Amino acid sequence: MGRNTRKRRSPLAVRAIAASAALAVAGGGLVWANFYASAGESKSKPNTTFAAAQVATIACPDVGQKLTNVPRQARAGVAKELALLDRQITEAYKRLAETRQAQSRDANFVNNAILGPLKSKRSATIDRIGINIRRVGGQVPQGMAQLATCQSKTDQAQTNAGGGQNQGGQQGGQNQGGQQGGQQGGQQGNNGQGQGQGGNGPVAGDFININQVQPNGGPKGVNGNGLAANGNGGSRGSFTTNCGNNKNEIRNSDNVIVAPGVSNGAQHQHDYVGNQSNNAFASDQQLANAQTSCQNQGDKSSYFWPVIRIQDGTQDIDQGKPGGGVDKNVGKIVEPNQVQLKFVGNKRGPVVAMPQALRIITGDAKAFVNGLGNANTNWSCTGFENRVVTDKYPVCPQGSSVVRTSFFQSCWDGKNIDSANHRTHVSFVKGDGSCANGFKAIPQLQVRLVYNVPAPQIQNGQVKNAYAVDSFPENLHKPITDHNDFINFFNQNTMNKMVNCINNGQNCT
């Protein structure tokens, strides 16, 4: 994987987290197991683990999503401050995971030792964001100071998995996921069961047997609607581009869309296909002139998504690096064995060309702590793709593979290639296929990824050989955090061919 992870400056130090398993709720009683003992700490007694087990992670307001109108001159500075907010949350979360015994002894420990100092750091950073905006004549949204306060978050998925019960839960329900203790990389814990990413998820309650899911119509867009699907009218064609499945192993933990100029801005690894020069420091000109893995050399677009790892006790090349083990992303990275990149039309009318360098993010990498407003996940199995789950990982039967599907926004404001919060310049179509607010219909990107991963084994509330997407540490590798990113660098000639194919009802590759 020689090119997959660039060298980082000043890697964060991490202490080893000892093996642990969570409290389980069985028949109304508490079944104890050692929970998150830090290296060097002794095992907790049964009556001292309960308080610590209640706090799974930290939930902080997403400041970036509140900034819908940042002047362009201030965006670079604001992006760096937003990335700092993410790192502050990560450090606070690591302290949360390493101090379970102290939490069990002091009911106020989390508030006083973790959330209080975090609020002070966030307040200073949010103040600097305001200074950046006001310096160039912009207006700071009201109530920004209140976004400094974070809260602890409990773990319903962990509770549901207790006592050997794998209670899958229905798609579209409230995502209250969390974490359960376990030894790093899915190795054997003190209770003899493997569990999760270094005590950072996933847990048994994050999985569901696909046979237990009722047919529900297949992949959907945000909140189950808003698809630019083909119909009897409108633009019924499609355009498929073949860009491979990242056999070149181009990966990094940057995100040039949300954290330009910030190394490890995503804190999790992405697979890249298409553009071969995507990193935090790439300019639009560099991306436009880059090499591409696409068969059609007129497509230098960048397609990227968080990697999937298998928790089978093995580690990958980034186990001691930012974006990998330093940020609690552990296990063996597996690339998809199939990648389908398909653009489709609008059921109400024709589509227009996308502008070069248009950026679109679908889904939310922080959906576990942010809520479901921007979540957009579709998990399924081959042979069962009329059954989709959104907040669970599917357990597929023998001979069936895991499927991730992402449908992107297909309405554009007609002016901007990006927006301050990377959301408001694009939107999903309405239920009738039309675009609101005078937006224009553009080709909708649909990404289908297929993975040959072994089915996890779930027994007695524990999961072994789990698989999961990379995530920000505090989001606990929840399936609801899956997301996908796209930067358009089709040349104009190829983009025009795409639009003509779609509007003329042709299926082109």
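Colleague: Let's start with β13 and β24. How many bridges join them, and do they run parallel or antiparallel?

Modeller: Keep in mind that this is a predicted model. There are 5 bridges joining β13 to β24, and the two strands run antiparallel. Pairing takes at least two bridges, so they qualify as partners. Within that pairing, Thr 362 has Asn 484 in β24 as its bridge partner.

Colleague: What else is joined to β24?

Modeller: Strand β9 (residues 302–306), by 3 bridges, and that pair runs antiparallel too. There, Phe 304 stands opposite Asp 485.

Colleague: What makes you call β24 mostly covered?

Modeller: Of its 5 residues, 5 are buried. His 483, Asp 485 and Ile 487 point one way, while Asn 484 and Phe 486 point the other way.

Colleague: Why is Arg 359 called buried?

Modeller: Its relative accessibility is 10%, and buried means under 20%, so Arg 359 counts as buried. Arg 359 lies in strand β13 (residues 359–363). Leaving aside neighbours within four places in sequence, Arg 359 is in contact with Ile 257, Asp 284, Ile 417, Asp 418, His 425, Phe 486 and Ile 487.

Colleague: On to α5. How do you know how its span relates to the expected one?

Modeller: Helix α5 (residues 109–135) has 27 residues and reaches 39 Å from its first C-alpha to its last. The expected span, at 1.5 Å a residue, is 39 Å, and the helix comes close to it.

Colleague: Where does α5 bend?

Modeller: At Leu 115, by about 35 degrees, with a proline, Pro 117, following within four residues. After the helix comes Gly 137, whose phi is positive, near 90 degrees.

Colleague: What do the buried residues of α5 pack against?

Modeller: They pack against β3 (57–59), α2 (63–66), α3 (72–98), α4 (100–105) and β4 (151–153). The buried residues of α5 include Phe 109, Leu 115, Arg 122, Asn 132 and Ile 133.

Colleague: Which order do the strands have in the open sheet of 6?

Modeller: The order is β14-β16-β20-β12-β6-β25, with mixed pairing. β14 (379–381) and β25 (507–508) each have a single partner strand, so they stand at the edges, with one side of each left without a neighbour in the sheet.

Colleague: What makes β6 and β25 a pair?

Modeller: Strand β6 (residues 238–241) is joined to β25 by 2 bridges, and the two run parallel. The requirement is at least two bridges, so this pair meets it. Ser 238 stands opposite Asn 507 in β25. Helix α9 (residues 492–503) lies across β6, β12 (338–344) and β25, running at about 140 degrees to β6.

Colleague: And the open sheet of 3 strands: why are β11 and β23 called edge strands?

Modeller: That sheet has the order β11-β10-β23, with antiparallel pairing. β11 (332–334) and β23 (466–469) each have a single partner strand, so one side of each lacks a neighbour in the sheet. Neighbouring strands here are turned by 35 degrees against each other on average, direction ignored. Between β10 (residues 308–311) and β23 there are 4 bridges, and Ile 308 stands opposite Val 469.

Colleague: Last one: how many helices and strands does the protein chain have?

Modeller: It has 9 helices and 25 strands, and buried residues make up 58% of its 509 residues.

Terms used
Residues numbered from 1 in each chain as written. Predicted model: local features only at pLDDT ≥ 70, side-chain atom pairs only at ≥ 80, totals over all residues. Heavy atoms only, no water. Contact = heavy atoms within 4.5 Å. Axes fitted to C-alpha atoms, helices over the stretch in contact; angles between N-to-C directions. Buried < 20%, exposed > 50% of the residue type's maximum accessible area, 1.4 Å probe, protein only. Expected span 1.5 Å × (residues − 1). Bend = angle between axes of the 7 residues up to and from the residue.
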